[in-house]
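I opened a new notebook page for this chain. Below is what I looked up, in the order I looked it up.

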Amino acid sequence: MEYRYLGRSGLRVSTMTMGTMTFGGSERIGNTDQAAADRQVDLCLDHGVNFFDTANVYNAGVSEEILGQALTSPTRREKALVASKVRFPMGQDPNERGLSRHHIIAQCEASLKRLKRDHIDLYQVHEWDGRTPLEETLAALNTLVEHGKVRYIGASNYSGWHLMKALGISDARNQHRFVSQQIHYSLHTRDAENELVPISLDQGLGILVWSPLAGGLLSGKYRRDSKPESGRQTQEFREPPVYSWDALYDIIDVLVDVASAHNVSGAQVALAWLLGRPGVTSVIIGGRNEDQFKDNLAAADLKLTEEERARLDAVSQPNLMYPYWHQMLTASDRLGDADLTLIGPHLEAEKRG
């Protein structure tokens with residue numbers, strides 16, 4: 001297992017992070033009980049995984065409780081780094097939601113109790129809260145770090161301007177800043193390459209990828225003429241949205257072809273592709289059973305050739321958003337400029353062309 005620094009911090013995390021949304025959940029997402037969670041945690045630890053991701057809202061706190069119980073033994077606790085999140089409703093009271101100082105500190109205390117820990121290694125805001133002043137949110141997170149209840153802070157599902165505004169405030173006030181962002185990113189959905197990936201490279205943020213297999217769509221099991229009998233996408237699961245099934249199946253065709261050449265699953269190829277993208281620190285893997293975890297974990301050792309990466313890059317190439325398409329149209333007139341910077345890793349192919 002490879003370990004990478006989380007942004008500009010000194011914390012090193014495994015390139016595979018164990019996701020725990022299935023812990024104590026529903027049949028649609030996965031309903032892993034304590035005994036199964038214990039085995040899955042041990043499996044990941046045995047393969048070198050040292051990072052475990054959860055959130056207070058996952059199954060109304062049950063995910064944190066099960067993970068906390070699974071990590072109670074000294075040998076497990078010493079090896080494990082835990083990330084959690086705050087933002088979404090945790091009750092009916094109007095103050096049991098959002099990113100106010102009240103909610104953040106109260107939910108951090110609640111998460112610590114459920115996790116049976118004295119600190120959270122990475123505490124992440126789960127989504128933007130446009131009703132709470134960002135200064136209040138960041139000050140509350142800074143307090144938690146200063147009091148030792150949180151070691152590092154990060155953002156999840158922020159837009160580019162959300163992220164830069166937050167970093168600007170933290171820098172201006174000399175407060176602890178985000179060290180990472182957790183984003184959706186996959187062969188199916190490369191929107192993050194427009195702004196979020198370049199921001200991470202510029203600002204020194206680690207990138208943690210959630211749903212790297214696009215809710216299972218990139219497992220290789222979903223084809224034009226067939227699909228599995230069970231799985232999220234067979235139960236009206238709509239995350240991420242699919243705007244063009246033909247385009248998705250084009251990606252899957254190449255994915256399966258590359259996988260066949262290595263005698264591995266499509267999932268392993270999709271994960272290995274992500275781990276080779278600029279700025280990516282770790283991908284968050286989940287599974288309904290141990291076999292799925294074992295298969296995903298094997299991707300940490302899969303090496304794709306440059307030709308295979310080029311094929312995957314080409315078939316998944318997204319349409320450029322403004323102003324990026326305009327910059328590409330005028331780039332040929334400026335390629336000799338010393339300060340020319342093409343924005344977005346996904347533009348590297350066009351630059352070569």
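**Entry 1: Leu 163**

I began with the contacts of Leu 163, leaving out residues up to four places away in sequence: Leu 163 touches Ala 155, Tyr 158, Phe 178, Gln 181, Ile 199 and Leu 205. I count a contact when heavy atoms lie within 4.5 Å. The model is predicted, so I ask for pLDDT of at least 70 for local features and 80 or more for side-chain atom pairs, while totals for chains, interfaces and linings use all residues. I number residues from 1 along each chain as its sequence is written, and side-chain values use heavy atoms, without hydrogens or water.

Leu 163 is found in helix 6. I take helices (H or I, at least four residues) and strands (E, at least two) as DSSP runs, numbered from the N terminus. Leu 163 has 0% relative accessibility, so it counts as buried. My cut-offs are under 20% relative accessible area for buried, over 50% for exposed and partly exposed in between, with a 1.4 Å probe and protein chains only. I also checked Leu 163 against Ser 200: their C-alpha atoms are 9.5 Å apart, at 37 residues along the chain.

**Entry 2: helix 7**

Why is helix 7 largely enclosed by the rest of the structure? Helix 7 covers residues 196-203, and six of its eight residues are buried. I listed them: Leu 196, Val 197, Pro 198, Ile 199, Ser 200 and Gln 203. They pack against helix 6 (160-172), strand 8 (180-184) and strand 9 (206-210). Just after the helix, I found Gly 204 with a positive phi of about 70°.

**Entry 3: the whole chain**

I then stepped back to the totals. The chain has 353 residues, and 53% of them count as buried. I get 13 helices and 10 strands. Among contacts with a separation of 6 or more, 77% join residues 24 or more positions apart. The accessible surface is about 16000 Å², and carbon and sulfur atoms hold 48% of that area. I computed areas by the Shrake-Rupley method with a 1.4 Å probe; for residues, only the protein chains shown count as cover.

**Entry 4: the second largest pocket**

What volume does the second largest pocket have? I noted about 940 Å³. Of its 34 lining residues, His 188, Thr 189, Arg 190, Asp 191 and Tyr 243 are the closest to the centre. Strand 8 and helix 8 (245-262) are the elements that give two or more residues to the lining. Helix 8 gives the most, with four residues.

For the record, I work on a 1 Å grid over the protein atoms alone: a pocket is an open set of points where a 1.4 Å probe fits, with protein on both sides within 12 Å along at least five of seven lines, and lining residues have an atom within 4 Å of a point. The volume is the space filled by probe spheres set on the points.

By class, I count 17 nonpolar, 11 polar and six charged residues in the lining. Nonpolar means Ala, Val, Leu, Ile, Met, Phe, Trp, Tyr, Cys and Pro; charged means Asp, Glu, Lys and Arg; the others, Gly among them, are polar.

Is Glu 64 buried or exposed? It is buried, at 0% relative accessibility. Glu 64 sits in helix 2 (residues 62-70). Its side chain makes a polar contact of 2.9 Å with the side chain of Ser 111. I define a polar contact as a pair of N or O atoms within 3.5 Å, where one must be able to donate a hydrogen and the other to accept it; residues adjacent in sequence count only if both atoms are side-chain atoms. Beyond four places in sequence, Glu 64 touches residues including Thr 54, Ser 84 and Arg 114.

Ser 100 lies in the loop between strand 5 (81-86) and helix 4 (101-115). Ser 100 is buried, at 16% relative accessible area. A polar atom of its side chain is 3.0 Å from the backbone nitrogen of His 103.

**Entry 5: backbone**

Last, I checked backbone angles. The peptide bond from Tyr 322 to Pro 323 is cis, with omega near 10°. Pro 323 is in the loop between helix 11 (306-315) and helix 12 (324-331).

Asn 59 is not a glycine, yet has a positive phi of about 55°. Asn 59 is partly exposed, at 27%. Ala 214 also has a positive phi, near 55°. I placed Ala 214 in the loop between strand 9 and helix 8, and Ala 214 is buried at 0% relative accessibility.
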